[in-house]
Amino acid sequence: MNTSLARRLLRPLAWAWLVGLVAATLGAYLLARGAANSAFDRGLQDEASALAAKVTWSDRGPLLDVSRQTLELLTWDSEDRNGFVMVDIDGTALAGDAAVPVPLDRRGSLARPVLFNASYKGGPVRGAVFSVTSPMMDRRVSIVVVETTLKRNELQRDMQLAIV
């Protein structure tokens, strides 16, 4: 049985189109994931840095010098569960929510916030930890900020659909 000329020409084109579609979908997924993670991670790092800048040192120890309204803004979100905690080198919570997950290396970085993944209140979260030392260099505290990945995943999905 002879196949038609059109069928012989369209078969390789269909395969090329299918391979192109798979490559475009994979590229859209990777591009959207990278862009969304980058934007949200930058926000987390900025929050951790801003809170770390508000740590003051007194004879009683480190204090987080922010207003109650600021603290409520950091943790309130209609869609996500956000949280923060300030811990000492032993992992003792000094301010914020003690249930916020703290990475095993709770010292964090003194140069810039370090990102990590964990679980908080039954869901996956992405967090940033940033450490500061006292002017006397005898004490160190770490600021940990976390947010659930709901909005991050929604943005990734919306971007992927738009690109495809």
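Trainee: Why is W15 called exposed?

Mentor: The relative accessible area of W15 is 57%. Exposed means over 50%, buried under 20%, and partly exposed in between (1.4 Å probe, protein chains only). W15 is therefore exposed, at 57%. This is a predicted model, in which local features need pLDDT of at least 70 and side-chain atom pairs count only at pLDDT 80 or more, while totals for chains, interfaces and linings use all residues. Residues are numbered from 1 along each chain as its sequence is written, and side-chain values use heavy atoms, leaving out hydrogens and water.

Trainee: Where is W15 found, and which residues form a nonpolar patch with W15?

Mentor: W15 is found in helix α1, residues 5-53. Helices (H or I, at least four residues) and strands (E, at least two) are DSSP runs, numbered from the N terminus. The surface patch consists of W15, W17, L18, L21 and V22, and their accessible area together is about 570 Å². Such areas come from the Shrake-Rupley method with a 1.4 Å probe, and for residues only the protein chains shown count as cover. Patch members have over 30% relative accessible area and no salt bridge; nonpolar side chains (Val, Leu, Ile, Met, Phe, Trp, Tyr) are joined within 5 Å, like charges within 9 Å.

Trainee: What makes K54 partly exposed?

Mentor: The relative accessible area of K54 is 42%. That value falls between the limits of 20% and 50%, so the class is partly exposed. K54 lies in the loop between α1 and β1 (55-58). K54 touches L63, L64, D65 and V66, residues up to four places away in sequence not being counted; contact means heavy atoms within 4.5 Å.

Trainee: Which residues touch the most other members of the largest nonpolar core?

Mentor: That core has 16 residues, and those with the most contacts to other members are L51, V55, L64, M86, I143 and V145. A nonpolar core is a set of buried Ala, Val, Leu, Ile, Met, Phe, Trp, Tyr and Cys residues joined through side-chain atoms within 4.5 Å.

Trainee: Which element gives the most to this core?

Mentor: Helix α1 does, with four residues.

Trainee: How do you know that D41 and R152 form a salt bridge?

Mentor: Their closest N and O atoms are 2.9 Å apart. A salt bridge requires a side-chain nitrogen of Lys or Arg within 4 Å of a carboxyl oxygen of Asp or Glu, so this pair qualifies. D41 lies in helix α1 and R152 in helix α3 (residues 150-163), so the pair ties together parts 111 residues apart in sequence.

Trainee: Why are D41 and R152 called buried?

Mentor: D41 has 10% relative accessibility and R152 has a relative accessible area of 4%. Both values are under 20%, so both residues are buried.

Trainee: Which residues are linked in a network of salt bridges?

Mentor: The network links D41, R126, E147 and R152. D41 also meets R126 (3.0 Å, N to O), and E147 pairs with R152 at 3.7 Å between the closest N and O atoms. E147 is buried as well, with a relative accessible area of 11%.

Trainee: What makes the side chains of S131 and S142 a polar contact?

Mentor: They come to 2.6 Å. A polar contact is a pair of N or O atoms within 3.5 Å; within protein, one must be able to donate a hydrogen and the other to accept it, and residues adjacent in sequence count only if both atoms are side-chain atoms. S131 lies in strand β6 and counts as buried, at 1% relative accessibility.
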